[in-house]
Amino acid sequence: MAVRRRPSIPNQTAAPPNPDPGGDPQPPNTAPSLDQFSLAPPKLGLILSVLALFLIPFFYLLFVHYQVESDLRYYISICVALSLVGFVFTVGLIPVAARYLLRRNMFGYDINKRGTPQGEVKVPETLGIVTAIVFLVVAIVLQLCTLTADSDWLVEYNAALACICFMTLLGFDDDVLDVPWRVKLALPFFASLPLMMAYAGHTSIIIPKPLVPYVGLSVLDLGVIYKVYMILLVIFCTNSINIHAGLNGLEVGQTVVISFAVLIHNLMQIGASTDIDYKQAHAFSIYIMWPLLTTSLGLLAFNWYPSSVFVGDTYTYFAGMSLAVVGILGHFSETLLLFFLPQILNFLYSCPQLFGFVHCPRHRLPRFDTQTGLLTGTNDMNLVNLFLRLFGRCTEKSLCIRLLIFQALSCLMCFGLRYILAGWYK
């Protein structure tokens with residue numbers, strides 16, 4: 001969900017009088033020409049600093065801290081290199097796509113800047129489509145470099161890409177058609193079907209050691225129930241990022257933080273394990289997460305405050321599905337849910353409004369004070385307004401940074417819990 005106010009239908013369809021009564025009706029001229037449009041330059045200094053901050057600890061763990069097999073190091077290095085190429089293409093293609101999206105009247109106005117000159121600027125939206133396309137191209141090229149025709153992971157890798165591609169298409173349809181919430185909840189179910197059909201992993205769960213004496217089992221096979229859980233996980237991941245939104249850079253920022261946490265988790269599991277299949281599952285996750293991380297950073301270069309583009313539901317659905325498939329096929333869905341702690345809290349807190357028990361406006365956004373430039377929390381039930389009510393008024397940029405710090409702290413807490421409970425819980 002982007003922070004936007006779409007132009008009303010009358011403004012889009014009203015046409016000026018036809019000067020030639022005998023001629024064909026003249027089409028409305030509601031969008032600026034391509035020659036008049038120029039996008040603000042990307043915030044590359046900030047984004048490249050963040051990218052370096054991610055690369056340094058990742059390569060330290062890969063080449064120094066853990067004894068990773070040389071061939072796996074080679075494939076992961078190829079993955080990082082191709083992902084960086086994807087970053088360059090994302091940054092280069094977004095201004096081009098923004099021109100054509102604006103030409104097709106796919107733009108919005110930034111509600112959190114209403115009453116200021118920035119609030120009257122037409123901001124191109126649905127730029128998540130560029131990120132998704134570049135991601136898919138990088139992932140397919142990477143598949144050619146890392147998998148052979150007889151690889152055990154080929155079917156599941158293709159199924160994962162099919163799910164992500166399907167979800168991207170449905171997200172783009174949502175941006176164009178503006179479908180209602182009850183339909184949005186059902187879209188991820190259909191997009192997850194290729195993954196359900198191709199999934200050949202286990203359907204059992206490990207019973208926590210303290211509960212084994214009471215249950216009488218150490219491993220419980222859930223069968224079909226496990227696949228139902230997988231579908232629910234996909235629905236939650238795709239919609240939770242879409243719900244936890246409303247600020248410039250928040251949707252992409254939280255995806256970047258979670259993606260990096262998943263990458264570190266993957267390396268830690270590869271370094272600590274001797275099981276080949278287990279390592280391959282986490283290597284598969286790395287092959288998906290690095291393209292997601294770099295293409296998302298390319299989009300964040302334009303979407304960080306003040307945003308010059310909006311990401312649209314296309315991006316939130318694409319990012320949520322990408323994270324869901326690696327959690328399922330990498331067999332660390334429990335850890336993934338811990339990384340999603342802010343999204344879980346936001347969803348639970350939002351339930352009364354989402355399910356109609358409390359009035360739910362279209363945009364559950366803070367109030368913007370044009371005099372001070374500060375946001376004030378409303379009574380709407382989400383983390384964005386809750387943080388403002390708890391910690392006081394602040395600028396949109398400061399609020400987004402606070403929420404992303406909370407996201408990062410939640411991921412750190414997840415690593416701490418895994419370390420503390422290792423060997424005792426499971």
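Guide: We will go through a helix, some ring pairs and some helix packing. This is a predicted model, in which local features need pLDDT of at least 70, side-chain atom pairs count only at pLDDT 80 or more, and totals for chains, interfaces and linings use all residues. Residues are numbered from 1 along each chain as its sequence is written, and side-chain values use heavy atoms, with hydrogens and water left out.

Visitor: Okay, what span should helix α3 have, and what does it have?

Guide: Helix α3 covers residues 70–103, which is 34 residues, so at 1.5 Å a residue it should span 50 Å; its end C-alpha atoms are 49 Å apart, which agrees. The expected span is 1.5 Å times one less than the number of residues. Helices here are DSSP runs of H or I, at least four residues, numbered from the N terminus.

Visitor: Where does α3 bend?

Guide: At Leu93, by about 30°, and Pro95 follows within four residues. The bend is the angle between axes fitted to the seven residues ending there and the seven starting there.

Visitor: Switching to rings. How many aromatic pairs are there?

Guide: The count is 18 aromatic pairs. Rings of Phe, Tyr and Trp (its six-membered ring) pair if their centres lie within 6.5 Å; planes under 30 degrees apart are stacked, over 60 edge-to-face, and the rest tilted.

Visitor: Which kind of pair is Phe135 with Phe318?

Guide: Their ring centres are 5.2 Å apart and their planes are at 70°, so the pair is edge-to-face.

Visitor: Is Phe135 buried or exposed?

Guide: Phe135 counts as buried, at 0% relative accessibility. Buried means under 20% relative accessible area, exposed over 50%, and partly exposed in between (1.4 Å probe, protein chains only). Phe318 is also at 0% and counts as buried.

Visitor: Now packing. How do the axes of α4 and α5 cross?

Guide: The axes of α4 and helix α5 (residues 154–177) come within 11 Å and cross at roughly 170°. Axes are lines fitted to C-alpha atoms, for helices over the stretch in contact, and angles run from 0 to 180 degrees between N-to-C directions. That makes α4 roughly antiparallel to α5; under 35 degrees counts as roughly parallel, over 145 as roughly antiparallel, 65 to 115 as roughly perpendicular and the rest as oblique.

Technical notes:
Helix = DSSP H or I, 4+ residues; strand = E, 2+ residues; numbered from the N terminus.
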